[in-house]
Amino acid sequence: MQSSVTANTLFTLNNATLPGGASQGAEVIAHDAVRGLVYVLGGSGIDALDATTGALAFSIPKTEVLVPGGGAAASLGLGNSVAISGNTLAIAFDGPAAGQPGVIAAFTISGTPGAYTAAWR
């Protein structure tokens, strides 16, 4: 049984120079079919882009990832994984140095098309 896959370019984007963006060089992406967003994870944070146009919906710089209990920014290495399930966006970061524990940050996604936001959980 043979099958074929056809791909169409919807948009192109240099996320290293995206105004207001946080990903600064993409590493990993996740598609949010419910909201029509693509989450682009890079070394400095994550950008949520409209999956059709590439427009920036919102960004989460890694400085917004707080230590457990909140209050202060966590000391983080690079972002290495992103996943979306329902309204929960999970982002995994390495520890600040080799051998140190990393962090999984969870954010709640809310809003409506054109006005989505992410809140630290």
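R35 is buried, with a relative accessible area of 11%. Buried here means under 20% relative accessible area, exposed means over 50%, and partly exposed lies in between (1.4 Å probe, protein chains only). The model is a predicted one: local features need pLDDT of at least 70, side-chain atom pairs count only at pLDDT 80 or more, and totals for chains, interfaces and linings use all residues. Residues are numbered from 1 along each chain as its sequence is written, and side-chain values use heavy atoms, with hydrogens and water left out.

R35 sits in the loop between strand 1 (26-32) and strand 2. Helices (H or I, at least four residues) and strands (E, at least two) are DSSP runs, numbered from the N terminus. The structure holds one salt bridge, a term for a side-chain nitrogen of Lys or Arg within 4 Å of a carboxyl oxygen of Asp or Glu. Its partners are D32 and R35, whose closest N and O atoms are 2.8 Å apart. Both residues, D32 and R35, are buried. Contact means heavy atoms within 4.5 Å. Leaving aside neighbours within four places in sequence, R35 is in contact with I84, G86, N87, I109 and Y116.

Aromatic rings come next. Rings of Phe, Tyr and Trp (its six-membered ring) pair if their centres lie within 6.5 Å; planes under 30 degrees apart count as stacked, over 60 as edge-to-face and the rest as tilted. The structure holds one aromatic pair. Y39 and F58 form this tilted pair, with 6.4 Å centre to centre and 55 degrees between the planes. Y39 lies in strand 2 (residues 37-42) and F58 in strand 4 (residues 56-61), so the pair ties together parts that are 19 residues apart in sequence. Y39 and F58 are both buried.

Strand pairing was examined next. Two strands pair if DSSP finds at least two bridges between them. Strand 3 (residues 45-50) runs antiparallel to strand 4, and five bridges join them. L49 has L56 as its bridge partner in strand 4. The hairpin of strand 3 and strand 4 has five residues between the strands, and G54 there takes a positive phi near 85 degrees.

Four strands form an open sheet in the order 5-6-7-8, with antiparallel pairing. Strand 5 (79-85) and strand 8 (117-120) are the edge strands, each pairing on one side only. Within the sheet, six bridges join strand 6 (residues 88-93) to strand 7 (residues 103-110), and these two run antiparallel. A92 has I104 as its bridge partner in strand 7.
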